[in-house]
Amino acid sequence: MSVAPEVKGWCPGAHRPMMSGDGLVVRLRVPMGRLSPDQIRRVATLARTHGNGMIDLSARANLQLRGVTTDSHAALVDGLREIGLVDADLAAEARRNITVTPFWQDGDDSHRVAQALAHALSSEDAPDLPSKFGFAIDCGARPVLTCTSADIRIERSAAGLICRADGAEVGQSVRVETAAGAALTLARWFLDTGGVTDGRGRMAAHIATRGAPVGSDTAPLPTAPVPEPGMTPQGTLLGFAFGQTTAESFAQLAELGALRLTPWRMVLMEGVTPSAPLPDFITDARDPRRRVQVCTGAPGCRQALSDTRDAARAIAAHLSPDSDDTIHISGCAKGCAHPAPAPVTLTASHDGHFTLIRRGRAGDPPQSAPLTVTQIQDRRL
């Protein structure tokens, strides 16, 4: 009989790491999602020195350093502070939960709004929001962060910018100068109208039961397709296979220049066309590893019932070339890597075995008996 997974209800940070099966997980909320070449090298060195050298890229465009020990955590924070990647304190870190479109440019609307919002959230009177509550700054020609988890979104409409509550179809018209203030006003509305219970709460769930705030009547522009690995006008997108890389591979990116983190398990190398092969990264949109969404799994996650990453590699190698459906492999019923329904979900039942769920979530009732990876491969997903 499996044990229901524990829902933590909060996310790790640098000041408040989370214990996992391979040690502490330290999450870096990188300002504007941008790392200079020197910061790339220093982060890689810190990941090796104070952790196990594994680096995750989260679905909110944050970096996670794994395998940090309680004894080395303070030294790691000091090292991160030296390169400008740590907030002043835990409260400031928790509030600055902002995802910015990686395609921002210096001085554009996304850049200016994100800077203003970060400053507003650093104020002592900023609203005390749940740990998972976040903001998406997505002011490009068309929204690209629609499928990225966020509670308040600053997006573009046909007439200008809007501030929209996640879960609502329309938002309030704003200007660059007023967007950050409107976002905080909406956050306070969420708190004042009972959006938080026992320290938890998300905007879309609140909207679903209470209804959207009044005064919103402008729809965002249609969502742009999720970018694929390869060249873009702003640089080259490189994918992390299964959302993870090693410190050694990460350090190599410094030779290409500055990078920006994305919520699509990719990094954007600014204005770069790599001249040499990068075997540790995904450069081809047809790479089957792109179809697989996978969590940390055992032993890295204490709640996982099986290894997931080796299973993902084995299954990706046997995926049918005639389909582009997403495969979600989850170490437990929480489904952290892909909370939404997927065409195919494989949820660990015990070591080396997964149940099959079609068009559902990791916690939905299984539609098969536990299967081995070999049996799953034979099904030609």
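## Two helices side by side

Helix α1 (residues 37–50) and helix α2 (residues 73–82) have axes that come within 10 Å and cross at roughly 175°. The two helices are therefore roughly antiparallel to each other, a label for angles over 145 degrees. Axes here are lines fitted to C-alpha atoms, with angles running from 0 to 180 degrees between N-to-C directions.

Where do they meet? Arg42, Leu46 and His50 in α1 meet Ala75, Leu76, Gly79, Leu80 and Glu82 in α2, contact meaning heavy atoms within 4.5 Å. These contact residues divide into 4 nonpolar, 2 polar and 2 charged.

## About the model

This is a predicted model, in which local features need pLDDT of at least 70 and side-chain atom pairs count only at pLDDT 80 or more, while totals for chains, interfaces and linings use all residues. Residues are numbered from 1 along each chain as its sequence is written, and side-chain values use heavy atoms, leaving out hydrogens and water.

## Strand β15 and its partners

Strand β15 (residues 266–270) is mostly covered, with 4 of its 5 residues buried, that is, under 20% relative accessible area (1.4 Å probe, protein chains only). Strand β12 (residues 235–240) runs antiparallel to β15 and is joined to it by 5 bridges; two strands pair if DSSP finds at least two bridges between them. Leucine 238 has valine 267 in β15 as its bridge partner.

Strand β14 (residues 259–261) also runs antiparallel to β15, through 3 bridges, and leucine 261 stands opposite valine 267. β14 and β15 form a hairpin with 4 residues between them, and arginine 265 in the turn has a positive phi of about 60°.

Definitions and conventions
Angles under 35 degrees count as roughly parallel, over 145 as roughly antiparallel, 65 to 115 as roughly perpendicular and the rest as oblique. Ala, Val, Leu, Ile, Met, Phe, Trp, Tyr, Cys and Pro count as nonpolar, Asp, Glu, Lys and Arg as charged, and the others, Gly among them, as polar. Buried means under 20% relative accessible area, exposed over 50%, partly exposed in between (1.4 Å probe, protein chains only).
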